[in-house]
Amino acid sequence: MPGRLSSPACLTVICFLSCWLWLTGAQVHTDEVADTAQYGRLDSDITLNCGNAQDGTPVLWLLNHSSALPPHRLSSNGSLLLLAAAPSAQGLYSCYHGHRHALLHSLTLRLGHPPGLLSISCQVPNHTHVRCSWVDSVTTFLPAVYNASLRGNGPDWTPCIVDSAHKHCDVPWLAFWQTVHTLGVTETNGLGSQTTWGRFKFSELLRPNPPEGVLVRQVEGHATRLAVSWSLPTSWPRYDGFPLLFHIRYRPQGSMYWSEYYSEHSPVEILDALAGHLHQVQVRARDELDSESQWSEWSPLVVVRPWEAATPEAPPTDDDPFDPFDGRAETSTAKSHTPGSEEDEGSLGLLVLLGIFSLVVLATVLSLVFVVWSRQRRRHHVTMQELASVVKMKAMPI
């Protein structure tokens, strides 16, 4: 018997079977698909059961085909207890028989939080359509499904068409005449569900979209007028039973103050524009019959300048016809304004000023000389009189 087992043929069969078992096991690890999905709370202890493993059965747990597991404890029945599971503990868990390496159970673990309350708001662009949207107050990290329904004053609930990806729902036909509506939105994920209730008065939430195609034109022949036209929002019904009130505002560009105008129809004409200046114009709308409704957003700014009369050019006169090919006018003009002539005129003026200044100085000097001469002459005359008096006194007998 030992000789037979050691024969080359037996060894070849044994090697073939070993390779086949190894390849089969590798294929099981590679093509493994989870039997179930399990959800758990982040940062909490989570127990993973190993299918039908019996107590005392040796088991081997793998995470994403790896034996590296997060912090854990292994119980006697083969279950795996994850301690304070972190986000890195998510993935594909596989439980194998410790001796036969047979797959006993597999599962996909997803971690997150149960749903919380939602923040719900509703938009009412017209009387026949309502869109309500919501925002999560808790980031669950888990896929969720939403269900929503709406009820008026009566007991009947109307389903709200839900778009879970964009987190909103639409009510295409609404009993708008009912004063208060109640909306319920339920969020469900792998860890539970939560319903949020909201009460709304849609007549107060009615807010049309801004007017479209706002056009501002000049009024020919009028420097202070502008013609403003627009179209109804595409979301607003084209029925006479739903009239809109329009609010037009305008101002010169750069001004802080708006002028306002209200109208029920398009177009309108602005009569007090500031001539020669650019103007900014905007339009918004509101339901004319519902005083509780809201004004729409303003339309985009339109900038335009009022009409301006063209300034006519003065025609040439017959006395001095203009010939574009005649260079004499340019020659004479150039001669009369050459830099040399300007310097000559400046030098002549300077010479005249110097001459006047010299005459003034000369006159002043002559006046001073005359005054000095007059004083000297007077003093000499007095001296001569005194000498004559002395001579006369000496000639008199004593």
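Asparagine 64 sits in the loop between β3 (59-63) and β4; strands here are DSSP runs of E with at least two residues, helices are runs of H or I with at least four residues, and both are numbered from the N terminus. This is a predicted model, in which local features need pLDDT of at least 70 and side-chain atom pairs count only at pLDDT 80 or more, whereas totals for chains, interfaces and linings use all residues. Residues are numbered from 1 along each chain as its sequence is written, and side-chain values use heavy atoms, with hydrogens and water left out.

**Backbone geometry in loops**

Most residues other than glycine have a negative phi, and most peptide bonds are trans. Relative accessible area is classed as buried under 20%, exposed over 50% and partly exposed in between (1.4 Å probe, protein chains only).

The peptide bond from serine 266 to proline 267 is cis, with omega near 5°. Proline 267 belongs to the loop between β19 (259-263) and β20 (268-270).

**Overall composition**

The protein chain contains 5 helices and 22 strands. Of its 398 residues, 29% are buried. Contact denotes heavy atoms within 4.5 Å; among contacts between residues at least 6 apart in sequence, 62% join residues at least 24 apart. The chain exposes about 26,500 Å², of which carbon and sulfur atoms supply 59%; these areas come from the Shrake-Rupley method with a 1.4 Å probe, and for residues only the protein chains shown count as cover.

**Strand pairing**

Two strands are taken as paired if DSSP finds at least two bridges between them. An open sheet of 3 strands has the order β2-β5-β4, with antiparallel pairing. Its edge strands, β2 (46-48) and β4 (72-74), each pair on one side only. Between β2 and β5 (residues 80-82) there are 3 bridges, and the two strands run antiparallel. Leucine 48 has leucine 80 in β5 as its bridge partner.

Strands β8 and β9 are also antiparallel, with 7 bridges, and a hairpin joins β8 to β9 through 2 residues. Cysteine 122 has cysteine 132 in β9 as its bridge partner.

**Histidine 127**

Histidine 127 occupies the loop between β8 (118-126) and β9 (129-136). It counts as buried because its relative accessibility is 13%. Its side chain makes a polar contact with the side chain of aspartate 287 at 3.2 Å. A polar contact is a pair of N or O atoms within 3.5 Å; within protein, one must be able to donate a hydrogen and the other to accept it, and residues adjacent in sequence count only if both atoms are side-chain atoms. Leaving aside neighbours within four places in sequence, histidine 127 is in contact with residues including Leu174, Phe176 and Trp236.

A nonpolar core is a set of buried Ala, Val, Leu, Ile, Met, Phe, Trp, Tyr and Cys residues joined through side-chain atoms within 4.5 Å. The largest has 38 residues, of which Val130, Leu183, Val185, Phe202, Val228 and Trp230 touch the most other members. Apart from that core lies another, of 17 residues, among them Leu42 and Leu48.

Glycine 198 lies in strand β15 (residues 192-200) and is buried, with a relative accessible area of 10%. Not counting residues up to four places away in sequence, glycine 198 touches His181, Thr182 and Leu183.
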